[in-house]
Amino acid sequence: MSSSGSARTVDARLSGFATLPWRRIILVVLGSTIAFVTVAGAYKTLTLPEGERYSGDFWIDQVVNGLGQGAILALIALGYTLVYGILRMINFAHGEVFMAGAFISFFFADAYLKSGFLDSNTYLALLILLIVSIAGSTLVAVLLERIAYRPLRNAPRLVPLITAIGASLFIANAFRGFFGPQPYGYPLPTLLQGSIGIFGISVAKVQLLVFVTAIVAMVALQLFVNRSRTGRSMRAVAEDSEIASLMGINVDRIVVITFVVGGILAGIAGVLFALTFQQVQFTMGFKPGIAAFTAAVLGGIGSIGGAALGGFVLGVLQAVGPPLLLTGFGIPSPFSLKDAFVFLVLILVLVFRPGGLLGSGEAEKV
């Protein structure tokens, strides 16, 4: 065979090699590996010797804890997804909006504890704490939109993203400058201490409050967006802001309302988080903020139902995943790796389904 014929044969083989669906092949191999490791880790954990194995009550408690944390993440994630749906930007300062409400409400909670009002009028005190937290978070959210984001609305998308990160650092360090770096103990009313039994399952009273409050807030948001005139305007602006403005919708007003709604949800989440973990600190917005962003991506960024679903799913995965998958391999302190588990979930979602659980499955351009 001539050298030219051999060269053509080699070129043909290389051409066929290059046309293979490499991305799909890599995803199949990666997915199979992850599935094998997951099943192996779960099997090894669940078949540990009797003295080393987790009990059934432990797993039930983990699921309940995960649902409670997931409810908080869902509320924060809704703020991310609302802003993204309207402005197509990720508001990375939203974690600090959540922190601001919780931190401001702490001073009222502490004063009420010292005066005895927190235990003597618990329901009224909790209502006031919610109002104060909502007011603080909403104020920070609106100031963010007016000062940091509105002047950059027509700038390239990378510019508001960098601005959001800068605003996040500014707000966190401003609170550190005003109130110091130390954590503050958030008081828990006596009425919310202890547990109650529901269908034979022991549930902490504060977790029940978190779950019920979050569900009510999410249902109210869904009704507001789907049934109210302002909600329809929000959906119109999310679809096409230019066409919406030509139809007489005040886009600036709708954007402000979106940040207000996000601030309200963050304020509610702030009080629920503080009551659950009984502590506030200037850094408290970072980890829940990242986890909530992951929940929004997991459910489908821009989807209200997706953000809520992603929050609950991620909360349960955080609580159950590390001990279930890592204990069997003998990895020490699996619970301390739950934050790393969040980033792992984010990476896997972006790799296998960029659009999220309720999204299109296609990558969003941000």
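Biologist: Is phenylalanine 103 buried or exposed?

Modeller: Buried means under 20% relative accessible area, exposed means over 50%, and partly exposed lies in between, with a 1.4 Å probe and protein chains only. Phenylalanine 103 is buried, at a relative accessible area of 0%. This is a predicted model, in which local features need pLDDT of at least 70 and side-chain atom pairs count only at pLDDT 80 or more, while totals for chains, interfaces and linings use all residues. Residues are numbered from 1 along each chain as its sequence is written, and side-chain values use heavy atoms, with hydrogens and water left out.

Biologist: How many aromatic pairs are there?

Modeller: Rings of Phe, Tyr and Trp (its six-membered ring) pair if their centres lie within 6.5 Å; planes under 30 degrees apart are stacked, over 60 edge-to-face, and the rest tilted. The count here is 23 aromatic pairs. One of them joins phenylalanine 103 to phenylalanine 179, stacked at 5.1 Å centre to centre with 25° between the planes. Helices (H or I, at least four residues) and strands (E, at least two) are DSSP runs, numbered from the N terminus. The pair links distant parts of the chain, with phenylalanine 103 in helix α4 (residues 94-115) and phenylalanine 179 in helix α7 (residues 158-179), 76 residues apart. Phenylalanine 179 is partly exposed, at 26%.

Biologist: Which residues do ring pairs link into a cluster?

Modeller: The cluster consists of Phe103, Phe106, Phe107, Phe175, Phe178, Phe179, Tyr184 and Tyr186.

Biologist: Why is the pair of phenylalanine 273 and phenylalanine 277 tilted?

Modeller: The pair is tilted because its planes stand at 40°, with the ring centres 4.6 Å apart. Phenylalanine 273 and phenylalanine 277 are four residues apart in helix α11 (residues 251-277), about one helical turn. Phenylalanine 273 is buried at 14% relative accessibility, and phenylalanine 277 is partly exposed at 38%.

Biologist: At what angle do the axes of helix α12 and helix α13 cross?

Modeller: Axes are lines fitted to C-alpha atoms, for helices over the stretch in contact, and angles run from 0 to 180 degrees between N-to-C directions. Helix α12 (residues 286-299) and helix α13 (residues 304-326) cross at roughly 120°, their axes coming within 7 Å. That makes α12 oblique to α13; angles under 35 degrees are roughly parallel, over 145 roughly antiparallel, 65 to 115 roughly perpendicular, and the rest oblique.

Biologist: What kinds of residues make up the contact of α12 with α13?

Modeller: Contact means heavy atoms within 4.5 Å. In α12, the residues that meet α13 include Ala291, Thr294 and Leu298, and their partners in α13 include Gly306, Gly310 and Val313. The contact has seven nonpolar, five polar and no charged residues. Ala, Val, Leu, Ile, Met, Phe, Trp, Tyr, Cys and Pro count as nonpolar, Asp, Glu, Lys and Arg as charged, and the others, Gly among them, as polar.

Biologist: How do helix α3 and α12 pack?

Modeller: Helix α3 (residues 56-87) packs with α12 at about 70°, the axes 8 Å apart. That makes α3 roughly perpendicular to α12. The residues of this contact divide into ten nonpolar, one polar and no charged.
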